Amino acid sequence: RTQAEMAHTCRGTINLSTAHIDTEDSCNIVLSNGGRTYHLKANSEVERQRWVTALELAKAKAIRMRNNQSDDSGDEEPASQSDKSELHGTLKTLSSKLEDLSTCNDLIAKHGAALQRSLSELENLKLPAESGEKIKAVNERATLFRITSNAMINACRDFLDLAETHSRKWQRALQYEREQRIRLEETIEQLAKQHNSLERACRGAPGLSSGTAGIASTAKGSVQSAKGEASDEDEETEYFDAMEDAPAFITVTADPKHHRRSGSNLSGASEGHPEDWNLEDSVFESSNQSSYNESTCKDLLPKKRRRTRIPDKPNYSLNLWSIMKNCIGKELSKIPMPVNFNEPLSMLQRLTEDLEYHELLDKAVKCESSTEQMCFVAAFSVSSYSTTVHRTAKPFNPLLGETYELDRLEEFGFRSLCEQVSHHPPAAAHHVYSKRGWTLWQEITIASKFRGKYLSIMPLGVIHLEFHSSGNHYVWRKVTSTVHNIIVGKLWIDQSGEIEIVNHKSKDKCQLKFTPYSYFSRDVPRKVTGVVSDANGKAHYVMSGTWDEKMECSKIVQSSHGSTSTEGKQKTVYQTLSPKVLWKKYPLPENAENMYFFSDLALTLNEPEERVAPTDSRLRPDQRLMESGRWDEANVEKQRLEEKQRAVRRRREAEAVEALEEGKDYEGYIPLWFERKVDAVTGELICVYKGGYWEAKDKQDWSTCPDIF
């Protein structure tokens, strides 16, 4: 027992660390501690000796525990004690086993001496009658010796098991420290190179503006001197670790602590043409300024003035646990949720938000190279997650047959239409046409699971993008979104997984990796990395950035095999030119934290518009009431709409049963503006736009629309 436990023990307890253990005769044991004495009696001498051995071992442990407590009390602060608790615990356990071995050794010596005396007495016996008793005593001594020996053997086994277990831990810790030391050396080396480079730049500042030719020659020089020592041009060139099973790169310009590699490591490399990276003619150059100017220009382009704010979010309290405790393990779309968990947008409107950075696709149309075009498509696929970083609220589940249109044909050149084509499982079809040369379509099914501490949202389905002039057809899927701290703590969202974008015409590919957040990781949070390669597998561009801020693209001018990693895999080293910013997130509007962290586009999505279909999400009453801050009324209206939808579903199920009894086929719900077809690229059944919506809007003929509100 510890000292703290001794203060709260029952009456009559003896502290073994200060107790005396004596034997009166062959069967009695005396325990004394100050004024308290206990007399214990065993059935035999063998049993008595077992008790004595156990008590002496316990006494030795109690003494060690008391000494350790007196040594450790108040010497360390809580933080350092917590950091070293595992190491101290291991050392104390090993020391305890060593003490057990020492005690057993003393007992063996004691019993061995007694056995020797008994044997000596046996040898001096003359009377046969006495020999029987002495032989009996010898047998008992031998038994005691065997018991003590077994105890020592068990203690040795425990000691060896502990030593072997912790030996592996120490080996891993040693290997980790070695890797850390190597990284530190590389970091110091690169810092020294950057310091030298900065000094040279300061000395030669007047002659820095060498223009395009200077950059091209720098790239050439770095390729030519790749097998020699690191030259001045090598300092200007960036290097990235190639992906192994998934992309994992380091962007030097984003964080100076990241790695660079000198050109001397490149051998047998495949060379590119750096002069193709034309700063004046390339579409990449225009993307640098457009990422910043678009946010200001987009306010000047529209002919119609859009709203820039919505009513502030009310501050209503809610007992979250009372609702969530009954939801664990259930499909989220089947749980009736109050609007307190929602934001005043439907899932169809959230899907339309993917088009916030549609100008990336407008730029991609102008690309002559398919790999160059792939870079913009990759940046577009990442940009759709930028609005989710603070958006932890749940969008409204669309009602079956609900639609949402976003007509920006005159302002931005595109028009978008979404329709909820299935309710269980929830599925939405989306079609976007742009007169600037591209078409995008998708059918997304949302699978979500609540696991108590976090919520996983898994979009299922394929996104298609086709460019009209080139015929390039790109296909990719979304990654998994995870909402953490559902019950306790501040809600935060993370994106993790991999995206493979494939151009089914040219067979170009882009592998993107969304690195999940880790408290112990040295990487930038929300990191995204990737490589664009052609049909032959040759890498052309390195993609790097974060899904909540920006994406950059770096052209590869040379690649080679680098050093072998700790996992035994050989990495590819890419030598690249300076990165270009393809996409940068627009800043949030003023007071966004009180408006559900909506972006400029999101603020306009639920703005009332005339001439839309009667099934449009803008006309959904519960969503409109929530946006106005009337949450209690919104909850009542939400329950009414859901019950109305359940009644329609029950009627449809009854019709299906009736058709089955009559031997007829029952088609079930048929989407209004989309139809199911087998996709020629993926071979999957997908809802595609069949036309007719915009014509019906022009005529204002909505007679085919169901009454869902």
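Arg649 is partly exposed, its relative accessible area being 30%; here buried means under 20% relative accessible area, exposed over 50%, and partly exposed in between, with a 1.4 Å probe and protein chains only. Arg649 and Glu653 sit four residues apart in helix H14 (residues 631-661), so about one helical turn separates them. Helices here are DSSP runs of H or I with at least four residues, strands are runs of E with at least two, and both are numbered from the N terminus.

Before I go on, the source of all this. This is a predicted model, in which local features need pLDDT of at least 70 and side-chain atom pairs count only at pLDDT 80 or more, while totals for chains, interfaces and linings use all residues. Residues are numbered from 1 along each chain as its sequence is written, and side-chain values use heavy atoms, with hydrogens and water left out.

How many salt bridges does a search of the whole structure find? The count is 37.

Next, a pair that links separate parts of the chain. Asp362 and Arg436 meet through their side chains in a salt bridge, at 3.1 Å from N to O. Asp362 belongs to helix H10 (residues 359-365), and Arg436 to the loop between strand S10 (427-434) and strand S11 (438-450), so this pair ties together parts 74 residues apart in sequence. Are the two partners buried or exposed? Asp362 counts as buried, at 10% relative accessibility, whereas Arg436 is partly exposed at 38%.

Arg309 and Asp312 make another salt bridge, with 2.9 Å between the closest N and O atoms. Both ends are partly exposed: Arg309 has a relative accessible area of 43%, and Asp312 has 39%.

Last, the loop residue. Where is His504 found? His504 is in the loop between strand S16 (492-503) and strand S17 (509-514). His504 is partly exposed, with 29% relative accessible area. Leaving aside residues up to four places away in sequence, His504 touches His473, Val475 and Val681, contact being heavy atoms within 4.5 Å. Glu466 is 38 residues from His504 along the chain, and their C-alpha atoms are separated by 10.0 Å.

That is all I have.

Key: A salt bridge is a side-chain nitrogen of Lys or Arg within 4 Å of a carboxyl oxygen of Asp or Glu.
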